Amino acid sequence: MREPRTGQKDAYQMILEAIDTGTYRPGDRLVESELAERFGVSRTPIREALQRLETQSMLTRDGRSLIVASLDHNQMADLYVVRTELEGLAARLAARHATPEEVRVLRDMVEEDRGLIGNPEALARANRRFHKQIHLASHNHYLVQQLDLVHRSMALLATTSLAVDGRGAEAIAEHDAIVSAIEAGDGATAHKALSDHISKAFVTRLKIDANKEV
């Protein structure tokens, strides 16, 4: 199915977004001609985008084909270590620098996301928006850039921890605590709340992987 070109997005951004939103999942094969048709661009920018994504380890080779990469257990653990530290820092800085409007947006997100409990895919999308808002509220451009890289790699995890029964409600409660700490200007508590939140998500994901192996 062909999708219309969206604004000024280039082929790289469109493919990356398709991976991020789950249109293409780890293990899926990407074919130049099919991507060109889907996104309404020529094969040359598609080819260049695929080469760039392969260089960034978002894609890997399977014979002559390019497929969406996946993360093994050790890579996932390393990613979560970095994510925990950087996200905790973002929350600490947000507690110092977030504007009243940014705090209001975060609070509204928490309340709206309660209605998505039971819908893991929608909640996962909302979760990404919530975390991105905290990154922006840190008002640290370099930190936001690094967290964008981390979250790009998160797209290589085939499932969301929010799919586990009860995890959605727990995550929303954790989000609420994070926002409360940011709103109070308590950087230490915000850092701990967000770090603990990421750690719990990691433990949940380990349980998902363990169940797959049974």
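Me: What is the relative accessible area of His139?

Reply: The model is predicted: local features need pLDDT of at least 70, side-chain atom pairs count only at pLDDT 80 or more, and totals for chains, interfaces and linings use all residues. Residues are numbered from 1 along each chain as its sequence is written, and side-chain values use heavy atoms, without hydrogens and water. Buried means under 20% relative accessible area, exposed over 50% and partly exposed in between (1.4 Å probe, protein chains only). His139 is partly exposed because its relative accessible area is 47%.

Me: Where does His139 lie, by loop?

Reply: Helices (H or I, at least four residues) and strands (E, at least two) are DSSP runs numbered from the N terminus. Phi of His139 is near 55 degrees, a positive value in a residue other than glycine. Most residues other than glycine have a negative phi. The position of His139 is the loop between H6 and H7.

Me: How many residues does helix H8 give to the lining of the largest cavity?

Reply: A cavity is a set of points on a 1 Å grid over the protein atoms alone where a 1.4 Å probe fits but cannot get out, and lining residues have an atom within 4 Å of a point. One cavity of 30 Å³ or more is counted, and the lining of the largest cavity is Asp113, Leu123, Ala126, Asn127, Leu162, Gly168, Ala171, Ile172 and His175. H8 gives the most, and its number is four.

Me: What is the volume of the largest pocket?

Reply: A pocket is an open set of grid points with protein on both sides within 12 Å along at least five of seven lines. Points are joined across faces, edges and corners, and a volume is the space filled by probe spheres set on them. For the largest pocket this comes to about 590 Å³.

Me: Which helix gives the most residues to the lining of the largest pocket?

Reply: This pocket is lined by 32 residues, and the closest to its centre are Ala124, Arg128, Thr159, Thr160 and Arg205. Two or more lining residues come from each of H1 (11–20), H4 (73–97), H6, H7 (141–154), H8 and H9 (187–213). The top contribution to the lining of the largest pocket is seven residues, from H6.

Me: How many charged residues are in the lining of the second largest pocket?

Reply: The second largest pocket has a volume of about 470 Å³. Of its 15 lining residues, Asp20, Lys132, Asp148, His151 and Arg152 are the closest to its centre, and H1, H6 and H7 each supply at least two of the lining. Ala, Val, Leu, Ile, Met, Phe, Trp, Tyr, Cys and Pro count as nonpolar, Asp, Glu, Lys and Arg as charged, and the others, Gly among them, as polar. On that division the lining has four nonpolar residues, four polar ones and a charged group of seven.

Me: What distance separates the C-alpha atoms of Val105 and Ile134?

Reply: Val105 lies in helix H5 (residues 100–113) and counts as partly exposed because its relative accessibility is 24%. Val105 and Ile134 are 29 residues apart along the chain, and their C-alpha atoms are separated by 9.9 Å.

Me: What is the relative accessibility of Arg167?

Reply: Arg167 belongs to helix H8. Beyond neighbours within four places in sequence, Arg167 is in contact with Ser161, Leu162, Glu174, His197, Lys200, Ala201 and Thr204, where contact means heavy atoms within 4.5 Å. Arg167 counts as buried because its relative accessibility is 2%.
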